[in-house]
Structures are given as C-alpha cells and as structure tokens.
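Dear colleague,

Please find below the structure that I am handing over to you. My notes on its salt bridges follow it.

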Amino acid sequence: LLADGPTTQYVAKLGAELVPHSRRPLLAHHFYVLDTDQINAFAAPGGHVYVTVGLMRHLNSRAELAGVMGHEIGHISGYHGANAVQTAVLTGALSDVIFGAESGWGGVAEWVVGIYLGTAHSKDLELEADDFGVEFALAAGYNPWGLVDFFEFLLRETGPSLEIASWLSSHPKHEDRIAASTAQLEGLKIT
C-alpha cells in the first residue's frame, strides 16, 4: 500500500464524492492506492476499493478516475464479490452431491462450471459495473465519458481483442465495453 499522503487522500476524496450516489451509500467504503506500475483497479468485499499508481499515471483526467472508481464501487453496489463466493460454494457443494466428494469428477465439474461462470457471467457483471461507473460519475458531477476515454486508452495499449483470448477472459473486450458505455451515454443524451 502507498503510504498516506496526497495521492491516497486524492483517491479517498474522490471515492467519498462517488459513494453517496451508489446503491450502498451507507456501507463504509475504504479506498487504497497500491504502489505498483500495473494498470489496475479492483474492489474487495466489505467496501474496499484499490487503484494502482500505474493506473493513475496513465489517466488524463479526474473524470477517467471517477469512471474507473465508480465501476469498482459498482461491483460493491451489485454485491458481485459476495455473489461470486456464494456461487463458488454452491458449485462445490453440488458437484460433491452429484459426483461424490471422493470421486474426482466433482473437481472436474467444478472446474468446468467455474470456467463458464468465470467468463460469461463475470462479463455481464463487468458490464453492469461499467453502467454503474457511468451513473455514479455523472451523479457526482463528473464527465461520464471519462470511463469510455479510459477504455479507449486500454484498447490503444493492448490492441484489439482476439476472439479466443476474449472467450477465456473474465472481462468483456475493450471494444464491447466502449460500445456499451457509448450506447448508455447516447441513450441518456449526454454528448
């Protein structure tokens, strides 16, 4: 974790501006900056949101950070972490019942179901979190196109997604995220 200072205070202040517009405004949210060059942000159960120094170095505006943090707060609002844990426990229990805990086939079934849930279902959750990111940034007074700008940066950095790689990915293709967020903003008539 980056020591408390201007950067961590900046992130915490922005997070505090977004949380009142979330679906769980009464949950205590905590914001952290990780001292790594990786370009990443993520949410953990219990209202914890992490952004990396690497991500912050590549942002062009406060609106981009608001969109990214709104996305992560969206995972918390949508109970995505808690639902993933429930799904994993249920999948394990069902495979033990169907195949027997000692058969070895339960582990294979759990792995196959995990691949399916870890890709198709999580892509839907990522798109939902994108919708929340746009919504929360807009409600907090930020330009909601910031999230689209960030996805366009990611697309420039990584290039177009390959179909095989995107099938195995837990996140939608950057192109799909740009299109979905653009459609959402156009539907709201925000230019």
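Lys13 and Glu17 lie 4 residues apart in helix H1 (residues 6-18), so about one helical turn separates them. Helices (H or I, at least four residues) and strands (E, at least two) are DSSP runs, numbered from the N terminus. The two residues form a salt bridge whose closest N and O atoms are 3.0 Å apart; the term means a side-chain nitrogen of Lys or Arg within 4 Å of a carboxyl oxygen of Asp or Glu. Lys13, Glu17 and Arg62 are linked in a network of salt bridges.

Please note that this is a predicted model, in which local features need pLDDT of at least 70 and side-chain atom pairs count only at pLDDT 80 or more, while totals for chains, interfaces and linings use all residues. Residues are numbered from 1 along each chain as its sequence is written, and side-chain values use heavy atoms, with hydrogens and water left out.

The structure holds 6 salt bridges. In one of them, Arg23 pairs with Glu135, with 2.8 Å between the closest N and O atoms. This pair links distant parts of the chain, 112 residues apart: Arg23 is in the loop between H1 and strand S1 (30-34), and Glu135 is in helix H5 (residues 105-139).

Another salt bridge joins Glu126 to Arg177, the closest N and O atoms being 3.6 Å apart. Glu126 belongs to helix H5 and Arg177 to helix H8 (residues 174-187), so this pair ties together parts 51 residues apart in sequence. Both Glu126 and Arg177 are buried (under 20% relative accessible area; exposed is over 50%, partly exposed in between; 1.4 Å probe, protein chains only).

Yours sincerely
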